[in-house]
Amino acid sequence: MRRFADLAEFAAAKGEHLGYSPWREVTQRRIDLFAAATDDHQWIHVDPGRAADGPFGGTIAHGYLTLSLVSAFMPEIFHVAGVSMGVNVGLNRVRFPAPVRTGARVRGGAELVDLKNSPAGKLSTVRVTVEVEGGKRPACVADTLSLYVP
């Protein structure tokens, strides 16, 4: 994990890759729980028998499940000290170039794209790329927006 002493040190890392999270397996149980939480029970996610004959050869994670892991990856990749709080304020762009098959391992990598002044603190844009172990394309690329309040 990369640690920054304060927002000034974090700002100096603009344009840099900040590191990677540990690998995390995406199990069918995680997918089923996400389906239950979101009421998205599409067969490509929750029906292994039917999905075996589908376009992916088995079940896959929801794109939004993959995106939701970004919030777990970021604190595993970097930490900014000297702030009273960091708040997720949204996303600028999200893409899902490749599926995450059940049983695959994924990790996040982060790059500080921008850090600018905001009335309440500093607004960061961090590009998080979710990689699938052994995959050729990322599963998700998301430009996250976080407000850091000193």
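Reply: The span of residues 10-132 is 28% helix and 37% strand, and its end C-alpha atoms lie 27 Å apart. UniProt, in an unreviewed entry, gives these residues the feature "domain: MaoC-like"; positions from that record follow the numbering used here, feature names are shortened, and annotations may be inferred rather than shown by experiment. The model is predicted: local features need pLDDT of at least 70, side-chain atom pairs count only at pLDDT 80 or more, and totals for chains, interfaces and linings use all residues. Residues are numbered from 1 along each chain as its sequence is written, and side-chain values use heavy atoms, with hydrogens and water left out.

The protein chain has 6 helices and 8 strands. Helices (H or I, at least four residues) and strands (E, at least two) are DSSP runs numbered from the N terminus. Along the sequence their pattern is β-α-β-β-α-α-α-α-α-β-β-β-β-β.

The strands of this span may be taken up through strand 6 (residues 105-118). Two strands pair if DSSP finds at least two bridges between them. Strand 6 runs antiparallel to strand 7 (residues 121-132), and 12 bridges join the two. These strands form a hairpin with 2 residues between them, and S118 has G121 in strand 7 as its bridge partner. Strand 6 also runs antiparallel to strand 2 (residues 17-20), to which 3 bridges join it; there, G19 is partnered by A110 of strand 6. Another antiparallel partner is strand 3 (residues 24-25), with 2 bridges to strand 6, and the bridge partner of R24 in strand 6 is V106.

In soluble globular proteins, nonpolar side chains tend to be buried together. Contact means heavy atoms within 4.5 Å. Apart from its neighbours within four places in sequence, V106 has contacts that include P22, W23, R24, V26, F73, V100 and V130.

Buried means under 20% relative accessible area, exposed over 50%, and partly exposed in between, for a 1.4 Å probe and protein chains only. The buried residues of helix 6 include V70, F73, M74 and I77. Seen down the helix axis, the buried residues of helix 6 fall within an arc of 105 degrees, so they line one face of the helix; the arc is that of the directions from the helix axis to the C-beta atoms.

Helix 2 has Q28, I31, F34 and A35 buried. Its buried residues fall within an arc of 125 degrees when seen down the axis, so they too line one face of their helix. R29 and A37 are exposed on the other side of helix 2. The buried residues of helix 2 pack against helix 3 (43-46), helix 4 (48-51) and helix 5. Helix 2 is followed by D39, which is found in the loop between helix 2 and helix 3. D39 has a positive phi of about 60 degrees although it is not a glycine. Most residues other than glycine have a negative phi. D39 counts as exposed because its relative accessibility is 63%.

The structure holds 4 aromatic pairs. Rings of Phe, Tyr and Trp (its six-membered ring) pair if their centres lie within 6.5 Å; planes under 30 degrees apart count as stacked, over 60 as edge-to-face and the rest as tilted. F10 and F78 form a stacked pair, at 5.4 Å centre to centre and with 20 degrees between the planes. F10 lies in helix 1 and F78 in strand 4, so the pair ties together parts that are 68 residues apart in sequence. Both F10 and F78 are buried. Ring pairs link F4, F10, F78 and Y148 into a cluster.
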